[in-house]
Amino acid sequence: MPVDGKIGTVSIKEEQIIADSPHKPVIVTKELKSGQGTLPAGSIIARDMTTGKLVLYDPAAKDGDGNPTQEIVGVLTTIVDTDRQTLAPLIVHGVVIAKSLKVAEGSTVDEVVLSNLEKKTIWAV
């Protein structure tokens, strides 16, 4: 006897990160620090210079002398749950969509952040 019923629903929100440009991005797989929770596509990823691990970029992260403790590495292309997986594809060179970029909660993507991305040859449009 067949059973007809609804078990649940799944909602997936896709967001375009890579800008439509003739200049194709360079995407590499990097290992993120585990235990950061779910990082959305468009997250700016940085190397924590105290631990060497890759984390969600926090522009406000500074040492006691006011020097940055994180250096941008790239931009996450997909959603990654770092509690379940740590390998993730990052754009390390190319053109991204500015409105899709994300940083640590409490910080914003401002002109300084965009300038730091450009120093890593990642341009936001």
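Student: How many salt bridges does the count come to?

Tutor: One salt bridge. Keep in mind that this is a predicted model.

Student: What makes the contact of E71 and K120 a salt bridge?

Tutor: Set the distance against the cut-off. The side chains of E71 and K120 meet at 2.7 Å, N to O. The limit is 4 Å between a Lys or Arg nitrogen and an Asp or Glu carboxyl oxygen, so the pair qualifies.

Student: Where in the chain do E71 and K120 sit?

Tutor: In distant parts of it, 49 residues apart. E71 is in strand β5, residues 70-76. K120 is in the loop between α1 (111-119) and β8 (122-124).

Student: Why is E71 called partly exposed?

Tutor: Its relative accessible area is 36%. Buried means under 20% and exposed means over 50%, so E71 falls in between. K120, at 30%, is partly exposed too.

Student: T121 is in the loop between α1 and β8 as well. Is T121 buried or exposed, or in between?

Tutor: In between: T121 has 30% relative accessibility, so it counts as partly exposed.

Student: Now V103. Why is V103 called buried?

Tutor: Its relative accessibility is 13%. The cut-off for buried is under 20%, so V103 passes. V103 lies in the loop between β7 (87-96) and α1.

Student: How do you know that V103 touches residues from elsewhere in the sequence?

Tutor: Residues up to four places away are not counted. V103 still touches I44, L56, Y57, P59, T108, V109 and V113. Take P59: it is 44 residues from V103 in sequence, but 7.6 Å away in space, C-alpha to C-alpha.

Student: What makes a group of residues a nonpolar core here?

Tutor: The residues must be buried, of a nonpolar kind on the list, and joined through side-chain atoms within 4.5 Å. The largest such core has 15 residues. Those with the most contacts inside it include I17, I44, Y57 and L101.

Student: Which elements give two or more residues to this core?

Tutor: β3 (44-48), β5, β7 and α1. The largest share, three residues, comes from α1.

Student: Which residues does L101 contact, leaving aside its neighbours within four places?

Tutor: Among them are G42, V75, V96, L114 and A124. A second, separate core has nine residues, including L32, L39, V73 and L90.

Student: How do you look for empty space?

Tutor: Rolling a probe the size of a water molecule over the atoms shows where empty space is left. In this model, the largest pocket holds about 220 Å³. It is lined by 13 residues, and the closest to its centre are Y57, P68, Q70, I72 and N116.

Student: How does the lining of the largest pocket divide into nonpolar, polar and charged residues?

Tutor: Six are nonpolar, two polar and five charged. β5 and α1 each supply at least two residues of that lining.

Student: What is the pattern along the whole chain?

Tutor: The chain reads β-β-β-β-β-β-β-α-β. That makes one helix and eight strands. Of its 125 residues, 34% count as buried.

Terms used: Residues are numbered from 1 along each chain as its sequence is written. This is a predicted model: local features need pLDDT of at least 70, side-chain atom pairs count only at pLDDT 80 or more; totals for chains, interfaces and linings use all residues. Side-chain values use heavy atoms; hydrogens and water are left out. Helices (H or I, at least four residues) and strands (E, at least two) are DSSP runs, numbered from the N terminus. Buried means under 20% relative accessible area, exposed over 50%, partly exposed in between (1.4 Å probe, protein chains only). On a 1 Å grid over the protein atoms alone, a cavity is a set of points where a 1.4 Å probe fits but cannot get out, and a pocket is an open set with protein on both sides within 12 Å along at least five of seven lines; lining residues have an atom within 4 Å of a point. Grid points are joined across faces, edges and corners, and a volume is the space filled by probe spheres set on the points. Ala, Val, Leu, Ile, Met, Phe, Trp, Tyr, Cys and Pro count as nonpolar, Asp, Glu, Lys and Arg as charged, and the others, Gly among them, as polar. Contact means heavy atoms within 4.5 Å.
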